[in-house]
Structure formats: structure tokens, C-alpha cells
Amino acid sequence: MVRETSRASWSHSYERGFAEILVEHNVPVYRGQNGWVAEGWKSIVSKFNLKFPSAQFTKQQIQEKEKDMKANYKAVRDARKQSGTGWDDSLSMIIAEPIIWEKLKKDYPRVKRYEGKPFLLFPTLASLYEGSIATGDLNFLSIPIPSVDLTGEEASPTNSSTNQLETVNPLSSTHDVGQSSNMHGQEAQPTTSISSGQKEDKPVRKRKQSQIAVVLNDYVDFKKHQSQKFMEEMKEPKQTDQFNIPSCVAALETMDDLSIAEKSKALRLFKCQLNREIFLNTKDPLLRTFWLKEEISDMEKA
């Protein structure tokens, strides 16, 4: 039986899998300027319930969850920019003193759930809601190309005046030019001498234009390749690490004999791979707690 919206229970694995599915569908065929289209939501719901058969969430439940995740992301994104706050990239967690946290929770109520806790979905949601197109990383058509003199020659006043004389129809033949020279008689001789000097510049101008066209084509091809590579990397399944931060955090949250302050300090230890291995491989609860407290004490003394 399909669950009601109010009874939908989202675990961390559900949220992570849902975010990955949203990233897979973050392409024009499924997502427009105002969000995912109907066909996109249909595919998202189908893939999610196929990945998590026990969930069987409705389209409304999944859409509401997407709105909630987006609101959480924006709250953390804006809160971490406030004065007096720090940010730990490895843990995706806001670092701040208690007095700063009180202000953050007042201004951004949604960040309350992340006080002393990491927001593990933040990097994934950043790529989803900020996106490469929004930041300009892949918007190669909107990046202006600076003018570059590929010949290495500086334009002189003589050349600039000569360029004005070169505004001749390129389809006109040399026979027409000859007829014009004969019509002007002796007065056409200075013009003929200037034209002979211009003939040396014309191949340079054509070569310059062709080189710019080649550079532009190479640049567009490079950005297209970069876009395709980015999308392929986003679709590649991520390798799982046995001693990863989510596993450490999950184990830490079950330790009732530690205070919130001690748990918050313990999270910093998980930035080290060796600490994560020791923590997860220690099966004795008392030994694990004693080791954590000793490490926290050593960290505070350092």
C-alpha cells in the first residue's frame, strides 16, 4: 500500500540515493528552466522506487522531499557565508562558536539540524542547484573571446588609413580595377602604388581571419568535450570506502555516553583516514569511547 505524504520516512540512504538520481536527471531532456518536467519526474519516481523497493513513495512525496532538500541546502549555503562562521570541506559542516550558532539558527531556522553535524549531501546538492551552467563553467557560448593579434604586429596610423582603402568588394576582379585606373589617367598612378603595397597586407588579413576561426572552433570543441566529460563523471558510480565519514558519523551518533560537545569535537578526528579505521575497527564500546576521549584531549592540548 502506498504511504501517505505525512508518513513518508526518509533515511540517509534514501536521501543520498534520491540526490544521485536527481543529478542523473539534471539534463535538458528532463529538466527545464523552472525545474524538472513531467517526463523527468516520471522517470525519477520510477528509478527511485526501483532502487528502493521497500519505499514505494508517490510522486507528491518525492517532489516534497526535493523541495525540502533544496531549502536545507540554501539555508546552509547562506549561513556559512555569515561573519564569524567557518566551513569544513571534508565534513561539509559549519564551524562556529555557540553565540554565532544562536544567531544562525534565528536567521536560518533550517540550519538548526546541522549544528555540530555534517551536511553530507551538500556537495551533491551544490552541483545540482548551483550547477555548472549557473556558474559559467560550461557556458562556453556566453564567454567573450578577447581580441588577439595573432601576427604580433601593432597597427600603425598608416595601416589604419590603408585599411579604410581596402574596403573594396572582394568579388570585384582585377580587370575592373584596371579599367578604373585607365579612366583616371595619370592621377591613378599614386593609387596604383598604394594598392601594390596593400596587396602585401591582404594575405596577412585573410590569414589572420582564418586563424581566429580555427581558434574559435578549437575552443568550442574543447568546451563541448569538457561538458561531456563532466556529465560522464557525474553518471559514473562512486567507489565506496569501507572506512568512510558517513559510517563513522552513524556509529558516533549511537554513543550515548558522549556529550554533544564531545561528539562535535570527535567529528574533526574523522578527517584522518587512520583515525576512521581505528574507530570503526574498535568493536569494544568502552574501549572505543576511551580512545575517542583521549584523542579529543590530545587535540585540545595541541
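Tutor: Buried means under 20% relative accessible area, exposed over 50%, and partly exposed in between (1.4 Å probe, protein chains only). At 6% relative accessibility, F122 therefore counts as buried.
Student: What kind of model is this?
Tutor: This is a predicted model, in which local features need pLDDT of at least 70 and side-chain atom pairs count only at pLDDT 80 or more, while totals for chains, interfaces and linings use all residues. Residues are numbered from 1 along each chain as its sequence is written, and side-chain values use heavy atoms, with hydrogens and water left out.
Student: How many aromatic pairs are there?
Tutor: The structure holds 17. Rings of Phe, Tyr and Trp (its six-membered ring) pair if their centres lie within 6.5 Å; planes under 30 degrees apart count as stacked, over 60 as edge-to-face and the rest as tilted.
Student: Which type is the pair of F48 and F52?
Tutor: That pair is tilted, with 5.0 Å centre to centre and 50° between the planes. F48 counts as buried because its relative accessibility is 0%.
Student: And how are W87 and F122 arranged?
Tutor: They also form a tilted pair, at 4.9 Å centre to centre and 55° between the planes. W87 has a relative accessible area of 22%, so it is partly exposed.
Student: New topic: which ring does the charged end of R31 sit over?
Tutor: The charged end of R31 sits over the ring of W36, 4.3 Å from its centre. The criterion is NZ of Lys or CZ of Arg within 6 Å of the ring centre and within 35 degrees of the ring normal.
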